[in-house]
Amino acid sequence: MKKTLLIRNVLHDGDKTNILIEGEKIKAIGVADGTVAEKTIEADGMAILPAFYNLHTHIPMNLLRGYADDMPLQKWLNEYIWPFEAKMTADDMCRGAEMAVKEMVRTGTVAYYDMYFNTDKTAEVAVGAGMRAIVSECFFQHTAANVPAYAETLKKWNTAHDGRVRLAIAPHAIYTNTTESLQSMAKIARDNGALLNIHVSETKEEVDNCIRQHGMSPVRYLDSIGLLGPDVTAAHCVWVDREEWDILAERGVTVAHCPCSNMKLGSGIFPYRDAMASGARITLGTDSSSSNNNLDMREEMKFAALLSKVNGDVECLPAPEILKWATQNGAEAFGLNAGVIAEGKLADCLLIDLNDCRMQPCHNLISNWVYAASSDCITTVICGGNILFQS
């Protein structure tokens with residue numbers, strides 16, 4: 001018999017209602033007051049909203065929070081991050097991952113798409129936390145020879161679990177791989193039914209170097225070698241022109257926008273209007289705690305919405321749309337029937353304290369949630385019907 005959870009007197013779509021969760025899904029909205037469930041949450045004074053899906057992370061890098069700030073990407077990577085990471089053990093990475101999942105759950109994230117190393121071990125952290133995750137092993141040109149062996153790990157993992165936590169393959173970027181290594185990784189991933197995760201056009205320098213080396217920009221180059229497809233998530237995509245956005249949309253690529261990291265590393269401003277006009281699936285990611293410096297997706301929503309308006313386009317990216325990027329679009333990228341509060345959807349949801357001073361007055365719930373609130377307003381985090389956090 002499926003477990004049941006009743007949320008009573010919660011604000012949903014402007015009205016107080018009772019919501020019944022059965023198993024992993026929202027069974028019914030508007031059930032009678034006398035409905036009985038195994039567990040009941042009295043939610044008067046609270047609103048229910050969809051939980052967050054963080055589409056770009058490097059969670060073991062929580063250990064590097066504040067280690068190297070206020071410098072450009074290549075200096076940050078080459079002189080600080082990569083030398084530090086070379087000394088990290090698998091146990092270190094798991095400790096960083098444990099810190100990160102606690103932070104994500106506390107701030108309303110129930111699923112994340114990670115790119116790092118020793119993923120067969122760090123993925124266990126997600127399992128233990130009750131979260132959903134896609135955990136992609138990061139490869140470079142000099143480690144590409146290890147991909148076939150990793151494919152065996154990937155197959156064993158993905159067949160041994162129920163799909164809640166999956167392994168994937170991540171060619172780090174164009175500038176750390178060759179055409180041959182990128183194509184090899186894509187083939188191995190697709191032969192094994194795994195997803196692909198890659199950094200794309202994060203900086204102007206990356207684009208300029210790609211044009212010098214390959215005679216075309218990164219999106220065009222990746223398309224020309226057959227890497228782009230609906231199984232690909234491309235992180236950043238800051239320096240992408242309109243034609244390239246159309247390519248991404250046509251290929252079904254998911255784009256993970258990381259506004260805080262892009263601003264902190266001086267990477268540039270995401271081309272919001274071109275991206276949205278293309279119809280590409282756009283999601284939100286925090287990137288790492290070393291380049292953000294937190295994993296708070298509610299904060300990420302606000303920064304994205306404000307950054308879209310910084311050049312005077314005040315009507316760009318309204319609050320309901322950025323909430324969709326952080327929730328529904330992210331859920332779709334995970335292949336989940338979730339991201340909205342509706343009957344039959346997975347019960348991935350948050351309860352928000354409407355009595356918090358940052359939520360009052362509540363002329364517009366979504367506006368408050370995007371522009372005024374903080375993640376401290378979250379009282380309860382539910383993933384697939386399971387309570388992961390409750391204050």
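**Exercise 1.** Which strands and helices each supply at least two residues of the lining of the largest pocket?

*Solution.* Keep in mind that this is a predicted model. Start with the strands: E1 (4-12) and E5 (46-50) each give at least two lining residues, and so do helices H12 (319-326) and H14 (365-372). Next, the space itself: the pocket has a volume of about 270 Å³. Of its 17 lining residues, Asp13, Leu49, Pro50, Leu323 and Ile366 are the closest to the centre. Finally, sort the lining by class: ten residues are nonpolar, five polar and two charged.

**Exercise 2.** Work out why the ring pair of Tyr53 and Phe334 counts as tilted, and where its two partners sit.

*Solution.* First, a search of the whole structure turns up 13 aromatic pairs. In this one, the ring centres are 6.2 Å apart and the planes meet at 50°, so the pair is tilted. Now place the partners: Tyr53 belongs to strand E6 (residues 52-57), while Phe334 is in the loop between helix H13 (328-333) and strand E14 (349-353), 281 residues apart. Last, check burial against the cut-off of under 20%: Tyr53 has a relative accessible area of 0%, so Tyr53 is buried, and Phe334 is buried too, at 5%.

Key:
Residues numbered from 1 in each chain as written. Predicted model: local features only at pLDDT ≥ 70, side-chain atom pairs only at ≥ 80, totals over all residues. Heavy atoms only, no water. 1 Å grid on protein atoms, 1.4 Å probe; cavity = no way out; pocket = protein on both sides within 12 Å on 5 of 7 lines; lining within 4 Å. Points joined across faces, edges and corners; volume = space filled by probe spheres on them. Helix = DSSP H or I, 4+ residues; strand = E, 2+ residues; numbered from the N terminus. Nonpolar A, V, L, I, M, F, W, Y, C, P; charged D, E, K, R; others polar. Phe/Tyr/Trp six-rings, centres within 6.5 Å; stacked < 30°, edge-to-face > 60°. Buried < 20%, exposed > 50% of the residue type's maximum accessible area, 1.4 Å probe, protein only.
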